[in-house]
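This briefing sets out selected features of one model for use in computational work. Please read it alongside the sequence and the coordinates.

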Amino acid sequence: MFDLKQIQKMQKELQDRMSKVQDDLKDQEVEGTAGGGMVVAKANGNQELVDLTINKDVVDPEDIEMLQDLVVAAVNNALDQARELNQSEMSKVTGGIKIPGLF
C-alpha cells in the first residue's frame, strides 16, 4: 500500500527543490547573437530578456527592417538557450520525468 504521508512529504521536497532551482535560474544568463555579434540579447534562466545590445554600426536609418530582423533573431536565440537551460536544470530535479505544464 502507498503511504499517503510519505508521498505528500516527497511532493513537498520536490516542490521545494524546484522552487530553489527556479530562483537559481533567475541569476543564470545566456546570450543570443545575430549579425555576427552586432546584436546581442541576454536572457536569464527564467526565460526573461535582461539585456539587449545593438552595435551602432548596424543602425542604418535606410534599412530599419534589417535591424528589426537582427533583434528578433538575437532575442529568439537567447530565449531558446534559456529554455534549454531551464529544461536541463529542472530535469536534474525531476529525474528527467516530464511534468505537464512545467516545461
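In which strand does D51 have its place? D51 has its place in strand β3, which covers residues 49-54; helices (H or I, at least four residues) and strands (E, at least two) are DSSP runs, numbered from the N terminus. This is a predicted model, in which local features need pLDDT of at least 70 and side-chain atom pairs count only at pLDDT 80 or more, while totals for chains, interfaces and linings use all residues. Residues are numbered from 1 along each chain as its sequence is written, and side-chain values use heavy atoms, with hydrogens and water left out.

**Strands and hairpins**

- Strand β1 (residues 29-34) has a covered face made of V30, G32 and A34, and an uncovered face made of E29, E31 and T33.
- Strands β1 and β2 run antiparallel and are joined by six bridges; two strands pair if DSSP finds at least two bridges between them.
- A34 stands opposite V39 in β2.
- The hairpin of β1 and β2 has four residues between the strands, and G35 takes a positive phi near 65 degrees there.
- Strand β2 (residues 39-44) also pairs with β3, in the antiparallel sense and over five bridges.
- V39 has I54 of β3 opposite.
- The hairpin formed by β2 and β3 likewise has four residues between its strands.

- Q47 lies in the loop between β2 and β3.
- Q47 is not a glycine, yet has a positive phi of about 65 degrees.
- Most residues other than glycine have a negative phi.
- With a relative accessible area of 33%, Q47 is partly exposed; buried means under 20% relative accessible area, exposed over 50%, and partly exposed in between (1.4 Å probe, protein chains only).

**Surface patches**

- D23, D27, E29, E31 and D51 form a negative surface patch.
- Patches are made of residues with over 30% relative accessible area and no salt bridge; like charges are joined within 9 Å, and nonpolar side chains (Val, Leu, Ile, Met, Phe, Trp, Tyr) within 5 Å.
- Asp and Glu count as negative and Lys and Arg as positive, whereas His and the chain ends are not counted.
- The place of a charge is taken as NZ of Lys, CZ of Arg, CG of Asp or CD of Glu.
- D51 counts as partly exposed because its relative accessible area is 33%.
- L49, L52, I54 and V59 make a nonpolar surface patch of about 300 Å²; accessible areas come from the Shrake-Rupley method with a 1.4 Å probe, and for residues only the protein chains shown count as cover.
- L52 lies in strand β3 and is partly exposed, at a relative accessible area of 34%.

**Salt bridges**

- The structure holds four salt bridges, each defined as a side-chain nitrogen of Lys or Arg within 4 Å of a carboxyl oxygen of Asp or Glu.
- One of these links D16 with K12, whose closest N and O atoms are 2.8 Å apart.
- Both D16 and K12 lie in helix α1 (residues 4-26), four residues apart, about one turn of the helix.
- D16 is partly exposed at 41% relative accessibility, and K12 is partly exposed at 47%.
- Another joins D80 to R83, with the closest N and O atoms 2.5 Å apart.
- D80 and R83 are separated by about one helical turn because they are three residues apart in helix α2.
- The relative accessible area is 37% for D80 and 35% for R83, and so D80 and R83 are partly exposed.
- The side chains of E89 and K92 also meet in a salt bridge, at 3.1 Å from N to O.
- E89 and K92 are three residues apart in helix α2, about one turn of the helix.
- K92 counts as exposed, at 59% relative accessibility.

**Separations along the chain and in space**

- D63 has its place in the loop between β3 and α2 (64-94) and is partly exposed, with a relative accessible area of 31%.
- D63 and M10 are 53 residues apart along the chain, and their C-alpha atoms are separated by 56 Å.
- S88 lies in helix α2 and is partly exposed, with a relative accessible area of 34%.
- From C-alpha to C-alpha, S88 and Q6 are 27 Å apart in space, and 82 residues apart in sequence.
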